[in-house]
Amino acid sequence: MPGIDKLPIEETFEDSPQTRSLLGVFEEDAAAISKYSQQLFQAMHRIYDAQNELSAATHLTSKLLKEYEKQRFPLCCDDEVMSSTLQQFAKVIDELSSCHAVLSTQLADAMMFPITQFKERDLKEILTLKEVFQIASDDHDMAINRYSRLSKRRDNEKVKGEVMEDVYTARKKQHQTMMHYFTALNTLQYKKKMSLLEPLLGYMQAQISFFKLGSENLTQQWEDFLTGIGTSVQNVRREMAGEVDVMQQTIQDMEQANDLLYMPDPDLSLVPVNRNLTRKAGYLNTRNKTGLVSSSWERQYFFTQGGNLMSQARGDVAGGLVMDIDNCSVMAVDCEDRRFCFQITSFDGKKVAILQAESRKDCEEWIATINNISKRIYLSENPEEIAARVNQSALEAVTPSPSFQQRHESMRPSTQGRPPAARASSVSSAGSETASPALSVLSLDALVAPNTPIQFDIISPVSEEDAGQAKAVGLGRRTNPFGESGGTPAEESEGSILHQLFIAHFLGCMEVKNADSSDIIYETMRQILAARAIHNIFRMTESHLLVTCECLKLIDPQTQITRLRFPLSSVVLCAAHQENKRLFGFVLQTAEGRVDGRPIIVCYIFESNNDGEKICDSVGLAKQIAFHSEMDRKATEKKKEQDKAKEKQQEELSKQKQIEKDLEEQSRLIAAFSRPTPLAAGTDGQFLVLSNSQSEDSVAGVEGREKGESEA
């Protein structure tokens with residue numbers, strides 16, 4: 001290396017202008033070194049931070065790859081090849097993460113430590129010495145000025161001595177400070193070279209060590225693995241390109257084929273109506289009544305499923321049952337404000353739906369499809385061929401409906417004539433829906449415990465006489481399959497503290513073996529939902545669930561009649577579904593009902609419009625209030641019993657005192673009459689006659705004395 005410039009320490013005592021000028025050059029060099037070192041420190045610190053971030057990101061990537069097999073993707077969740085491949089990648093990246101962690105440690109020790117030491121220690125030392133030297137130089141100049149202004153008179157010897165002492169001290173301090181300052185500036189010329197070379201040397205050595213460590217870990221086996229993965233990626237890319245070409249061709253073909261269908265009302269001569277359908281789906285507008293005269297239209301997606309007409313709003317996961325279209329009637333109708341409308345009426349005439357299609361073709365196809373389903377053609381092996389033979393001469397599929405009762409009696413098939421593959425039809429609102437193995441070829445043995453029926457409705461069929469009596473009375477009580485009577489007294493819940501009303505849909509209930517934990521509610525939910533899906537039972541009875549401190553009530557929202565009443569003391573368990581929060585259930589336990597005396601435990605399952613946990617919390621709050629009320633009642637009764645006992649005791653004491661008082665009075669009377677009483681003579685010589693009261697007292701005294709003697 002070339003020679004290094006130095007400040008002459010020997011000339012510090014003279015402090016000549018040449019020395020000060022040379023010192024200024026060294027100070028400018030020190031300032032430039034400080035500025036450049038700060039920039040270099042920031043650049044190297046960015047390298048260090050980036051390496052730390054790379055190490056953390058690599059470790060996170062490895063962790064996420066290891067957790068891939070735990071993910072639950074809706075599609076391709078069982079790809080074992082992909083999972084194993086990502087696990088191997090995770091292993092390689094984990095090793096790379098370890099290498100990056102080692103590199104971060106080496107950079108911290110070999111690169112950041114030297115330059116940080118130079119910046120925080122050496123450069124700060126130069127700045128500190130510069131400030132001290134400047135102070136010492138100013139003090140020396142002030143001492144020299146005072147010394148120069150000394151007077152020639154001898155009486156100032158004391159002042160002269162003090163000034164000379166100040167000059168001595170200031171000059172010595174300046175000289176020593178200047179020497180140390182010069183030494184630090186000279187040393188800085190050497191440290192400047194070391195502070196630049198040591199961090200770079202450490203950085204290069206850390207990188208070389210990292211590359212060596214990586215080459216040792218990434219062996220030929222990993223290279224072969226990566227080559228195979230690259231080949232697989234290329235194959236997937238080629239497969240994707242071929243699939244994209246097929247999809248593009250499909251798009252072109254469909255655009256050409258459906259060009260006429262883009263029109264909302266295509267020409268029937270160009271797009272003929274297909275009257276042989278037994279399944280159809282599409283968007284329809286349904287009319288909903290909003291008042292006595294007014295109505296609104298709502299667009300929904302409708303589809304047929306077996307003998308059911310289903311609807312599904314956009315965003316819903318599954319569809320809901322609109323009506324049972326087995327043996328129904330369908331016809332085109334004229335609406336004042338809408339075109340292409342048709343009307344569907346259930347077999348018993350109790351339910352009517354008016355729908356609007358987008359075009360005349362769509363309207364006629366819906367009518368034909370529902371008409372074919374109503375004739376139960378969908379149950380045959382070749383439904384389209386049979387529908388073609390039935391409708392070969394029909395231009396419009398309109399089903400007349402002169403009398404719903406006649407149509408029901410003539411077209412409703414018997415149970416024996418129903419094919420085995422037929423689905424379980426929904427029961428009307430006048431009857432209860434009970435799952436039975438005869439309704440479907442599917443067996444419920446795998447879902448429901450043997451000999452355990454499931455009840456799907458809370459309204460039992462009533463006889464015609466009971467129905468007539470209910471109409472005559474006005475607000476009659478309706479029976480239900482659980483033995484509860486409707487129409488509970490209003491005063492029953494007037495004194496209750498808690499009144500909370502929820503909208504609930506009854507899904508079903510079944511008898512269970514125990515009520516030990518919430519698992520029995522979850523299992524009952526699973527079995528009831530599975531049974532509904534198997535038997536195609538979609539109708540749910542809507543009720544108002546009233547939670548009070550005495551009981552739970554299911555109230556008919558239209559008639560306000562109590563369908564079911566559950567005493568709160570019989571509700572032993574209540575829980576909501578862990579995933580679907582709208583599902584909740586509770587377990588009811590009764591002590592009587594069996595011949596052997598064992599309790600009956602029944603689990604009821606509901607679906608709420610609100611959060612099921614809120615309903616369960618409300619039930620729990622009601623039970624707590626009822627418990628505290630019962631405790632208060634018992635405490636009040638106990639206090640009343642204690643008060644009665646005290647009153648009885650007081651009465652006994654008063655009776656005892658009265659008896660003692662009577663005995664004392666009798667003793668006094670006996671003592672009074674036991675003394676001899678001489679006959680009193682008047683002044684006129686006649687005897688003194690006693691009054692009636694005195695005679696009676698004397699008789700009583702005698703009788704009492706005789707009684708006392710007899711007792712003695």
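Visitor: Is Cys616 buried or exposed in this predicted model?

Guide: Cys616 is buried, because its relative accessible area is 12%, and the cut-off for buried is under 20%.

Visitor: How many disulfides does the model have?

Guide: The general idea is to look for a pair of cysteine sulfur atoms within 2.5 Å. By that rule the count is zero disulfides. Cys616 is in no disulfide: the nearest cysteine sulfur belongs to Cys574 and is 3.2 Å away.

Visitor: Let's turn to helices. What should I know about how residues point along one?

Guide: An α-helix has 3.6 residues a turn, so residues three or four places apart point the same way. Here you can look at α5, which covers residues 360–374. Its 15 residues reach 21 Å from the first C-alpha to the last, close to the 21 Å expected at 1.5 Å a residue.

Visitor: How many residues of α5 are buried?

Guide: In α5, 14 of the 15 residues are buried, so the helix is mostly covered.

Visitor: What follows α5?

Guide: Arg376 follows α5, in the loop between α5 and α6 (383–390). Arg376 has a positive phi of about 65° although it is not a glycine. At 15% relative accessibility, Arg376 counts as buried.

Visitor: Which loop holds Asn327?

Guide: Asn327 lies in the loop between β4 (320–324) and β5 (329–333). Asn327 is not a glycine, yet it has a positive phi of about 60°. Its relative accessibility is 4%, so Asn327 counts as buried.

Visitor: And strands, how do their side chains point?

Guide: In a regular strand the side chains alternate between the two faces of the sheet. A strand to explore here is β7, residues 352–356. Four of its five residues are buried, so β7 is largely enclosed by the rest of the structure.

Visitor: In which sense does β7 pair with β6 and with β1?

Guide: Strand β6 (residues 341–345) pairs with β7 in the antiparallel sense over five bridges, and Thr345 stands opposite Val352 in β7. Strand β1 (residues 281–289) also pairs with β7 in the antiparallel sense, over two bridges. There, Asn285 stands opposite Gln356 in β7.

Visitor: What do β6 and β7 form?

Guide: They form a hairpin with six residues between them. In the turn, Gly349 has a positive phi of about 75°.

Notes. Residues are numbered from 1 along each chain as its sequence is written. This is a predicted model: local features need pLDDT of at least 70, side-chain atom pairs count only at pLDDT 80 or more; totals for chains, interfaces and linings use all residues. Side-chain values use heavy atoms; hydrogens and water are left out. The expected span of a helix is 1.5 Å times one less than its number of residues. Buried means under 20% relative accessible area, exposed over 50%, partly exposed in between (1.4 Å probe, protein chains only). Two strands pair if DSSP finds at least two bridges between them.
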